[in-house]
Amino acid sequence: MSFTYMLLSYCFTKFGDTIVNPKTTLAWLASLVGAPAFVVGLIVPIRESGSMIPQSIIGGFIRRLPVRKWVWVVGSLGQSLCIFSLGLVALYLSGHVAGWSIVGLIAAFSLFRGLCSIAAKDVLGKTIPKPKRGQLTGWSASVAGFLSIGVGATLLASFGAELDSGHLAGLMFVAAALWLLGAAMFSRISEHAGAVDGGSTAIEGIRRLRIVFTDKPFRQFVFTRALLMCSALSAPFYVVAAQQLPGADARLLGAFIIAAGVASLVSAPIWGRYSDKSSKQVMIAAALVTSLTGVTVFLVGRFAEALFETAWFLPLSFFVLSVAHAGVRVGRKTYVVNLGTGNQRTAYVSVSNTLIGVLLLAVGAVGALVPLIGNDGVIGLLALLGFAGAAYGLQLPEVND
């Protein structure tokens, strides 16, 4: 039953993530309420890095708890409250007040998300057998992808080119309810009391960052994961490039949500099964797909403008990118869980997320190059990171045996 409860909780919260995607819906919300332009640029890095950077400290406290599923439940409830509040922002606030409210709520959302990130992998390792961990991650992403197709189709068919604050508030309220359902399901998981040695203070949590220098397999994983950030960082540039095409309108929101949903639906279970055989090979294969897609978009944008401006090219490319990103996520999550055991697993997750969070803020600044090289140029540049990640990942040890 633990597999079923965890699968349901993951499905609910991943569906919620799809509805409040920072690359699409949240950016749209910030623009709609008249928030300052800089808010849109802050949404993605705060949403991702805010949940990762504190994890080496948070992980130290979590290790003091013999049963850690309640950490995930608290994190899910906190995320629900933040998303519900974003719905209220959409209905009642505007301008700078709305903008700063969005920034604050996304920062709080990210911190609660960090709690869930650490606890989820630890509970997964304690309650789900190794041969089924990749399948659980893959199937939950697939179900959420199927449901997100309905959201995208509704936006595309019902609202057309119009999407007002009431519609967005409704989406926020639905997503908030999904996190409540996820918390309810996760609370029913049967988790045995585990080891509590290794609990630490905040200072000790910071000191734990040194394992990246002393643990070679873990260091190799962190470097590989850092290079594979290209799959997430390049996604908004596909959307922005499409929005700037002649005749583009708000219906693109639904089109890109559908593309991402279909990608998760058809690819995540396959990546999951593949990850249970070799999560290392999944990361490498997904990196290559990401990079080949990025290079293709760059070349078409520079040398085949007519094809680049067709209604289908960028959404289709975004679909392929989303397939690859699903592989990156499933592969690296399965890899880090299998790499460590017990409290070592918690340390690996928290330290790697902290380091990646810092690097996200740094590498995310690549968007400043858009005025110089264009959206397609940034996509091509990030594709080079993917090739480097695939090459470096070849030296990772296998951990599925």
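Reader: Are Asp17 and Arg47 buried or exposed?

Author: Both Asp17 and Arg47 are buried. The structure is a predicted model, in which local features need pLDDT of at least 70 and side-chain atom pairs count only at pLDDT 80 or more, while totals for chains, interfaces and linings use all residues. Residues are numbered from 1 along each chain as its sequence is written, and side-chain values use heavy atoms, with hydrogens and water left out.

Reader: How do you know that Asp17 counts as buried?

Author: Buried means under 20% relative accessible area, exposed means over 50%, and partly exposed lies in between (1.4 Å probe, protein chains only). Asp17 has 17% relative accessibility, so the residue counts as buried. Arg113, with a relative accessible area of 17%, is therefore buried by this criterion.

Reader: Which salt bridge does Asp17 form with closest N and O atoms 2.9 Å apart?

Author: That salt bridge is with Arg113. Asp17 lies in helix 1 and Arg113 in helix 6 (residues 95-127), so the pair ties together parts that are 96 residues apart in sequence.

Reader: How many salt bridges does the structure hold?

Author: The structure holds three salt bridges. One of them joins the side chains of Arg302 and Asp376, at 2.9 Å, N to O. Arg302 lies in helix 14 and Asp376 in helix 18 (residues 370-393), so this pair ties together parts that are 74 residues apart in sequence. Arg302, with a relative accessible area of 40%, is partly exposed, whereas Asp376 is buried at 11%. Salt bridges that share partners join Asp17, Arg47 and Arg113 into one network.

Reader: Where is the kink in helix 14 centred?

Author: The kink, of about 125°, is centred on Ser278. The bend at a residue is the angle between axes fitted to the seven residues ending there and the seven starting there. Helix 14 (residues 251-303) spans only 27 Å between its end C-alpha atoms, whereas a straight helix of 53 residues would span 78 Å. The expected span is 1.5 Å times one less than the number of residues.

Reader: Why is the pair of Phe308 and Phe313 called tilted?

Author: Rings of Phe, Tyr and Trp (its six-membered ring) pair if their centres lie within 6.5 Å; planes under 30 degrees apart count as stacked, over 60 as edge-to-face and the rest as tilted. The centres of the Phe308 and Phe313 rings are 6.1 Å apart and the planes stand at 50°, so the pair is tilted. Both Phe308 and Phe313 are buried. The structure holds ten aromatic pairs, and Tyr238, Phe256 and Phe318 form one aromatic cluster.

Reader: Why does Ser234 count as buried?

Author: Ser234 has 3% relative accessibility and therefore counts as buried. Its place is in the loop between helix 12 (230-233) and helix 13 (235-243).

Definitions and conventions:
Helices (H or I, at least four residues) and strands (E, at least two) are DSSP runs, numbered from the N terminus. A salt bridge is a side-chain nitrogen of Lys or Arg within 4 Å of a carboxyl oxygen of Asp or Glu.
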